[in-house]
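The sequence and the structure come first.

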Amino acid sequence: MSPQILSLGAGVQSTALLLLSAMGRLPKLDGAIFSDTGWEPASVYAHLNRIEEEIARPAGIPIYRVSSGNIRNDALDPAHRFASMPLYIKNRDGGDGMTRRQCTSEYKLKPIKEQVRRILGAEPREDGKPGRVSRGRSVDQWIGISTDERDRALDQDGNLKTGDVSYSRNRYPLLELGMSREQCIILLTSQGFGSTPKSACIGCPFHTNRQWRDLRDNNPVEWQDAVDFDASIRAGSAKANAQGQPLLGQAFLHRSRMALSDAPIDRVSYHEWASRQGNLLHAIAAAEFEESLEDDSSLAGCSPFSCRSGADD
């Protein structure tokens, strides 16, 4: 059997997978890989330490912490080859645009793949990084995609993505179990991990208004860090692509293409209002789901093709 390896972002879905494995409701993991961008919120690092101590270590599951560098520092270093963040651009001709998202590949996927090759016994190259994997060796890479976001796991033909390298095959255990993100939250809450944070860089341009408000209102140090970074990228410090070419317009972290300190983050979207209403039923759902945990078969009772969908604002 191939090694079972979890891509651990330390967010809701991947933490749920780690917990399900430790509880014996999924096969025993041979390891979990956390790829550190260097700009994660303090809450993510604290949560990672906790689940390593309380879940992974007692279950004999090693957590590997890997990194390609500090994405914030690299973005502002004119001498560094930087894979771009998806910044919102206000072009000089008045048009709007967005830079390509290369940061996921550079700061998340690349170090994960390197660690997978190490696990599979690849010989190190001259630069110390793992080389080629022996033919026929591979891992099952667990990816925390739940039923409400199943489309993220599909290729352009509507089939589940199997992976882009021969030594790592994608597996989606939450889809196999028919579990939604809400069910993951309920499971985590029932086991004392209800405060599991969302995993994303402090200054991720894909933050919703709700996430920006939470940062501003509850994490003033990290909020100021994001505000300072946002100002710096307009001062000419950011580069547009991996070749280090400069941006042709002004860059912003917020979709409004306004300075983050002035952006309209207090606007509440329809989806946020809908989620607030949905929270009224959360306690009832939690009680019902906790009861269902006593029956293993109930976890697989919902087909991915009839999942309960939803979206954040």
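Which residues line the second largest pocket? The lining is made up of R132, V133, S134, R135, G136, R137, S138, S166 and Y167. A pocket is an open set of points on a 1 Å grid over the protein atoms alone, where a 1.4 Å probe fits and protein lies on both sides within 12 Å along at least five of seven lines; lining residues have an atom within 4 Å of a point. This pocket has a volume of about 180 Å³, a volume being the space filled by probe spheres set on the points, which are joined across faces, edges and corners. Its lining divides into 2 nonpolar, 4 polar and 3 charged residues. Here Ala, Val, Leu, Ile, Met, Phe, Trp, Tyr, Cys and Pro count as nonpolar, Asp, Glu, Lys and Arg as charged, and the others, Gly among them, as polar.

The model is predicted: local features need pLDDT of at least 70, side-chain atom pairs count only at pLDDT 80 or more, and totals for chains, interfaces and linings use all residues. Residues are numbered from 1 along each chain as its sequence is written, and side-chain values use heavy atoms, without hydrogens and water.

The table lists strand pairs, which need at least two DSSP bridges; strands are DSSP runs (E, at least two residues) numbered from the N terminus.

| Strands | Sense | Bridges |
|---|---|---|
| β2 (residues 31–35) and β3 (residues 63–66) | parallel | 4 bridges |
| β1 (residues 4–7) and β6 (residues 139–142) | parallel | 3 bridges |

In β6, W142 stands opposite L6.
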